[in-house]
Amino acid sequence: MAGIVQDITDRKRAEEAVRRLADDLRRQAAELERRVAERTAELSEARDRAEGADRLKSAFLATMSHELRTPLNSIIGFTGVLLQGLAGPLNDEQRKQLGMVRASGQHLLELINDVLDISKIEAGQLELAQARFDPAAAARRAADTVAAQAAEKGLEIECETEHGLPELVGDRRRVEQVLINLLANAVKFTDQGRVGLDVRATPEGVAFVVSDTGIGIPAEAHDQLFQPFRQLDSGLARAHEGTGLGLAICKRLVDRMGGTIGFESAPGVGSTFRVDLPLTPPSLTETP
Amino acid sequence: MTRVLLVEDNAQNRYLITFLLNASKFSVLSAEDGAEGLALAASGDFDLVLLDIQLPGMDGYEVARALRQNARLDGIPIVAVTSYAMTGDRERVLAAGCEGYIEKPIDPETFVAQVRAFLPEKGGA
Ligand SMILES: Nc1ncnc2c1ncn2[C@@H]1O[C@H](COP(=O)(O)OP(=O)(O)O)[C@@H](O)[C@H]1O
Ligand SMILES: [Mg+2]
């Protein structure tokens, strides 16, 4: 008899303990759930804030590029009208001074475009066009753009394009931008000799090679050149103008296109920059 | 005389484009926004429409679609004037009913020739 009573109280006590344990577990589970919900809310709030900041950044960039470019385009546009003599004849002095206004306006526009481009790329806001283009024609257009600067220094840009290069699909304007930057550097840092641009097909797509016989780049500087604002000749007394953004933009554009950019250089002998882009002909990705 | 309807919100751009076209003997009527452009299109005869895409209120795409509803403009080219910075705009511009586009900033030396390229052969200015 006593044994049975003992059994019952034992069992009751055990049941009681199990119930308490279960209650505890439920409470802890509820507590955990509450904490997870709390953290989730915090996280989603943080994510909303970050997304809001991103949206703000891209809205700011869009506004800035519009607000900075619009007045400059107006300056360049009206100067062009005046220089064409459309608003009446100009004397030589007026033409010369207006020419300086236009050149400065264009220079300022290029700087603004560079700063906006690098910000846009860093903010992940750069979108690349996908349309068919002729890489040989792109190379020639880039060479034409820099031809006047080259002529001023008595240099000529020798543009060689492999025969029968196929049309490719990509962002023609951005490809030209990279080539113009490389050619402008080649001209800027070369006083005599030659500047060349070669275009050839590769198994992966296309390669552009810009070579010069200029001052060259010392080996210890090789690692830094593709970082923004890096210039070998800095300080106010420097001999060449520029922001130090050109190569940084080139590198980022080429990266985004899935390609590679690199160079070889010997001080006093010259430099050769090579851009490889994995762009394919339109056969598979048909676009007009 | 070639008659152009210009829709452009920036006053200086409006002046510049009007000046260049006038210098080449085009006549230009201009509007500051889409609503004014639509009103002008409803009451006048034009040979070509030049349409800024970044407009306040109704944007250029909406204006183009609305203009295309207007039977008076059947067969009249609508040409968007837009900056390259606006991505994917080529397809959007065509889808909205434009013939094509001229890139901003406009180049005063080539602008009129670019406009002429959108006019039917025989006419000229
Ligand atoms: N072809 C070249 N020959 C010699 N130095 C070069 C060449 N290209 C670039 N550099 C060096 O790399 C630096 C960074 O180039 P870049 O980013 O284009 O800026 P920027 O041209 O505005 O100075 C230049 O200031 C120059 O010191
Ligand atoms: Mg440079």
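Visitor: Why does A:D10 count as partly exposed?

Guide: The model is a predicted one. In it, A:D10 has a relative accessibility of 35%. Buried means under 20% and exposed means over 50%, so A:D10 falls in between and counts as partly exposed.

Visitor: What makes the contact of A:R13 with A:D10 a salt bridge?

Guide: The closest N and O atoms of A:R13 and A:D10 are 3.8 Å apart. The cut-off is 4 Å between a side-chain nitrogen of Lys or Arg and a carboxyl oxygen of Asp or Glu, so the pair of A:R13 and A:D10 qualifies. Both residues lie in helix α1 of chain A, three residues apart, about one turn of the helix.

Visitor: Why is A:R13 called exposed?

Guide: A:R13 has 56% relative accessibility. Exposed means over 50%, so A:R13 counts as exposed.

Visitor: How do you know that A:K251 and A:D255 are separated by about one helical turn?

Guide: A:K251 and A:D255 are four residues apart in helix α5 (residues 246-256) of chain A, which means a separation of about one helical turn. Their side chains meet in a salt bridge at 3.1 Å, N to O, and that is within the 4 Å cut-off. A:K251 is partly exposed at 27% relative accessibility, and A:D255 is partly exposed at 41%.

Visitor: What makes A:D276 and A:R274 a salt bridge?

Guide: The side chains of A:D276 and A:R274 meet at 2.7 Å, N to O. The limit is 4 Å, so the pair is a salt bridge. A:R274 counts as partly exposed, because its relative accessibility is 33%, between 20% and 50%.

Visitor: Which residues are linked in a network of salt bridges?

Guide: The network links A:E31, A:R34, A:R35 and A:E38. Over all chains, the count comes to 30 salt bridges.

Visitor: How many salt bridges are counted between chain A and chain B?

Guide: The count between chain A and chain B is two. A:R102 and B:E109 meet in a salt bridge at 3.8 Å, N to O, and that value is within 4 Å. The interface of chain A and chain B also has three residue pairs in polar contact. On the chain A side, the elements that give two or more residues are α1 (2-83) and α2 (92-122). Of the elements, α1(A) gives the most, with nine residues. By class, the chain A side has five nonpolar, seven polar and six charged residues.

Visitor: What area is buried between chain A and chain B?

Guide: About 1,500 Å² is buried between chain A and chain B, and carbon and sulfur atoms give 60% of it. In chain A, the residues that lose the most area to chain B are A:F78, A:Q84 and A:R173, together 31% of what that side buries. The contact takes 18 residues from chain A and 15 residues from chain B.

Visitor: Why is the aromatic pair of A:F78 and B:Y15 called tilted?

Guide: The structure holds four aromatic pairs over all chains. In the pair of A:F78 and B:Y15, the centres are 6.0 Å apart and the planes are at 50°. Centres must lie within 6.5 Å, and planes under 30 degrees apart count as stacked, over 60 as edge-to-face. The angle of 50° falls between these limits, so the pair is tilted. A:F78 lies in helix α1 of chain A and B:Y15 in helix α1 (residues 11-23) of chain B, so the pair joins two chains. A:F78, B:Y15 and B:F19 form one aromatic cluster.

Visitor: Are A:F78 and B:Y15 exposed or partly exposed?

Guide: A:F78 counts as partly exposed at 24% relative accessibility. B:Y15 counts as exposed, because its relative accessibility is 54%, over the 50% limit.

Visitor: Why does B:T18 count as buried?

Guide: B:T18 has 17% relative accessibility. Buried means under 20%, so B:T18 counts as buried. B:T18 lies in helix α1 of chain B. Leaving aside residues up to four places away in sequence, B:T18 touches B:L6 and B:V28.

Visitor: Where is A:P281 placed, and what does A:P281 touch?

Guide: A:P281 is in the segment after β7 (270-277) of chain A. Not counting residues up to four places away in sequence, A:P281 touches A:P166, A:E167, A:L168 and A:V169. The C-alpha atoms of A:P281 and A:L168 are separated by 4.2 Å, though the two are 113 residues apart along the chain. A:P281 counts as partly exposed at 35% relative accessibility.

Definitions and conventions. Residues numbered from 1 in each chain as written. Chains lettered and ligands numbered in written order. Predicted model: local features only at pLDDT ≥ 70, side-chain atom pairs only at ≥ 80, totals over all residues. Heavy atoms only, no water. Contact = heavy atoms within 4.5 Å. Buried area = accessible area lost by both parts, 1.4 Å probe. Polar contact = N/O pair within 3.5 Å; in protein donor to acceptor, adjacent residues only side chain to side chain. Nonpolar A, V, L, I, M, F, W, Y, C, P; charged D, E, K, R; others polar. Buried < 20%, exposed > 50% of the residue type's maximum accessible area, 1.4 Å probe, protein only.
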